Amino acid sequence: MSGRFDGKVALVVGGANADESRLLGFAGLSALEIARSGGMVVIADIDDEAGERSVRKMKEAGLAADYVHLDVTSESDWTEAVAFTTAKHDRLDIMIMAAGIPDRGETIESTDVDSWRRVMDVTNLGMFLGTRSVVGPMRRSGGGSIVLISSMMARVVRDQANAYATSRAGMTHFARSAAVQYGSDNIRVNCVLPGWTLTPFTSGAFDDEWQKRLASRVPLGRVADASDIAGPILFLASDEAKYVTGSELLADGGVVGWIGPMD
Ligand SMILES: NC(=O)c1ccc[n+]([C@@H]2O[C@H](COP(=O)([O-])OP(=O)(O)OC[C@H]3O[C@@H](n4cnc5c(N)ncnc54)[C@H](O)[C@@H]3O)[C@@H](O)[C@H]2O)c1
């Protein structure tokens with residue numbers, strides 16, 4: 001039986017949380033699903049413990065997976081991760097870039113320069129270095145799909161976390177620009193904009209009470225889990241989206257479109 005990702009090689013950045021016995025991240029789950037559907041996966045992250053554990057379990061399950069350490073703000077780490085991937089598999093078809101950090105800044109005045117830079121670097125320097133590193137091998141493979149994980153915060157704002165929202169909006173514009181530049185190489189570049197999702201990234205903040213409060217703001221009536229976001233990621237990564245590039249796929253349960261209760 002042929003799989004959806006047969007023969008495809010995917011570099012999944014920020015995908016360390018791919019161990020099903022624990023809370024999954026959505027890039028982690030995407031890595032797992034690509035491998036289960038015939039693909040070969042390289043997970044890259046700074047959380048070596050989680051990444052190595054996930055890959056060990058994937059290998060035990062007979063899946064094609066490796067782990068490499070990659071800090072997305074490091075040019076040399078990107079070079080090494082891509083070199084590892086192409087040396088092992090001789091091609092590169094998919095890159096999912098999901099590395100992210102929370103923004104501790106409250107107001108603009110209370111955000112210090114170091115935390116502004118850190119958020120911008122992980123998201124915006126990360127997506128730039130990543131895209132720059134993978135387009136060569138993708139071109140040599142006959143094309144590819146780059147999926148950048150932005151956020152619904154690219155479309156709306158809160159009264160805090162300005163660096164996070166700004167960096168995520170920057171990502172959507174970068175994706176359009178990269179889509180234009182690399183379209184003739186058959187390299188597609190798209191963004192997924194997740195809404196509130198229970199993953200290791202949010203589990204510290206999303207206790208039951210908070211999840212209930214958030215759910216009351218979601219037209220679909222619940223906070224998302226990793227599978228709600230992995231679906232859109234996998235669609236954009238796959239050939240089903242072969243004519244989709246430069247787009248933003250909002251996966252927020254309807255939050256951004258809702259003006260809120262009228263009472
Ligand atoms: N969970 C949500 O509600 C939500 C909503 C919108 C967007 N996002 C974004 O989605 C992405 C994926 O998050 P998730 O919710 O699946 O959680 P996750 O914790 O599984 O994924 C984030 C990963 O990024 C890694 N990371 C952090 N800094 C890095 C760096 N410098 N280099 C490489 N890796 C780094 C972390 O180690 C972690 O494994 C994040 O960028 C997050 O900002 C999350």
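**Note on the helices, sheet and ligand shell**

1. The crossing of α4 and α5 is right-handed. (A crossing is left-handed if the near helix is turned anticlockwise from the far one by less than a right angle, and right-handed if clockwise.) Helices (H or I, at least four residues) and strands (E, at least two) are DSSP runs, numbered from the N terminus.

2. This is a predicted model: local features need pLDDT of at least 70, side-chain atom pairs count only at pLDDT 80 or more, and totals for chains, interfaces and linings use all residues. Residues are numbered from 1 along each chain as its sequence is written.

3. Look at the α4 and α5 pair. The axes of α4 (residues 113–140) and α5 (residues 162–182) come within 9 Å and cross at roughly 15 degrees. Axes are lines fitted to C-alpha atoms, for helices over the stretch in contact, and angles run from 0 to 180 degrees between N-to-C directions. The two helices, α4 and α5, are therefore roughly parallel (angles under 35 degrees count as roughly parallel, over 145 as roughly antiparallel, 65 to 115 as roughly perpendicular and the rest as oblique).

4. Which residues of α4 meet α5? Among them are W116, M120 and F128 in α4; their side of the contact faces a set in α5 including Y164, M171 and F174. Ala, Val, Leu, Ile, Met, Phe, Trp, Tyr, Cys and Pro count as nonpolar, Asp, Glu, Lys and Arg as charged, and the others, Gly among them, as polar.

5. Helix α3 (residues 75–89) also packs with α4, at about 30 degrees and with axes 10 Å apart. So α3 and α4 are roughly parallel to each other. Their crossing is right-handed. From α3 come E75, W78, T79, V82 and T86; from α4 come L129, G130, S133, V134 and P137.

6. Now the sheet. Seven strands form an open sheet in the order β3-β2-β1-β4-β5-β6-β9, with parallel pairing. (Two strands pair if DSSP finds at least two bridges between them.) The edge strands, β3 (65–69) and β9 (248–251), each pair on one side only. From one strand to the next, the twist averages 20 degrees.

7. Last, the ligand. Its shell holds 28 residues, and the closest are G14, G25, G100, T199 and F201. (A residue is near a molecule if its C-beta atom, placed from the backbone, lies within 6 Å of it.) The shell divides into 15 nonpolar, ten polar and three charged residues.

Note on methods. Two residues are in contact if their C-beta atoms, placed from the backbone, lie within 7 Å.
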